[in-house]
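Here is a short tour of a structure for you to follow on screen. Have the sequence and the model open side by side as you read.

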Amino acid sequence: DPETRAQIIERFIEIMIELQNLNNFHSLMVMIAALNTYHISRLKHTWQLINEDLQAEFNELSKLMDGKYNFKNYRNAINKVSPPCVPFLGVYLMHLDFLSQGREFSGLIAFSRRQRIYEVISSVLMYQSPCFDIDIIDGVFSYFYYLPDGPDEDYLNERSETIEPRNEQR
């Protein structure tokens, strides 16, 4: 029912707030992307039941991780955090991909490009020290480690349409 779905989404938003507090930007981005998928974002009746404060928090977190202007808001935020931190790796992979696309000149080594690649990798590694001081709970770890693959797109589309049909009025 919509109330239960709204409670689940609210719990996810609360987890996202905690991820930001932990400077875990990669997991934060994963959860934002999940809630922004077509299958979930189209559930208008469910989203209407979500607490306004949590909706505002979700919107702020979405702005933080927005890809506009080459992830400008994220870059500003991560430059202000103190390690430990889990950076959003997509930004760094994008940099490395861009740097790898440069032209090679007749077998010569492009030292400036290699230096920039080193700087990108070093910036990711910098956030890994010191490590998070979080105890591993074996049952929880095993649950997520052995989590099966999720359903395919067709199933998700069908399920979303079943939950809230496209032309349904409430």
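Glu164 sits in the segment after α10 (153-163); helices here are DSSP runs (H or I, at least four residues), numbered from the N terminus. Before going further, please keep in mind that this is a predicted model, in which local features need pLDDT of at least 70, side-chain atom pairs count only at pLDDT 80 or more, and totals for chains, interfaces and linings use all residues. Residues are numbered from 1 along each chain as its sequence is written, and side-chain values use heavy atoms, with hydrogens and water left out.

Is Glu164 buried or exposed? Glu164 counts as buried because its relative accessibility is 2%, where buried means under 20% relative accessible area, exposed over 50%, and partly exposed in between (1.4 Å probe, protein chains only). Leaving aside residues up to four places away in sequence, Glu164 touches Arg5, Arg42, Leu43, Lys44, His45 and Thr46, a contact being heavy atoms within 4.5 Å. A polar atom of the Glu164 side chain lies 3.1 Å from the backbone nitrogen of His45.

Arg42 belongs to the loop between α3 and α4. With 12% relative accessibility, Arg42 also counts as buried. A polar atom of its side chain lies 2.6 Å from the backbone oxygen of Glu164. Not counting residues up to four places away in sequence, Arg42 touches Ser160, Glu161, Glu164, Pro165 and Arg166.

## Helix α1

α1 has 20 residues and spans 29 Å from first C-alpha to last, close to the 28 Å expected (1.5 Å times one less than the number of residues). Its buried residues are Pro2, Arg5, Ala6, Ile9, Glu10, Ile13, Met16 and Leu19. Among the elements that cover them are α2, α3 (38-41), α4 (44-48), α5 and α10. Asn23, with a positive phi near 60°, follows α1.

## The largest nonpolar core

In soluble globular proteins, nonpolar side chains tend to be buried together. Here the largest nonpolar core has 32 residues, and Phe25, Leu28, Met65 and Tyr74 have the most contacts inside it. Such a core is a set of buried Ala, Val, Leu, Ile, Met, Phe, Trp, Tyr and Cys residues joined through side-chain atoms within 4.5 Å. Two or more residues each come from α1 (2-21), α2 (25-35), α5 (52-64), α6 (68-78), α7 (89-100) and α8 (111-126). The largest share, 6 residues, comes from α2.

Beyond residues up to four places away in sequence, Phe25 touches Leu64, Met65, Tyr74, Ile78, Val81, Cys85, Val86, Pro87 and Phe88.

Conventions: Polar contact = N/O pair within 3.5 Å; in protein donor to acceptor, adjacent residues only side chain to side chain.
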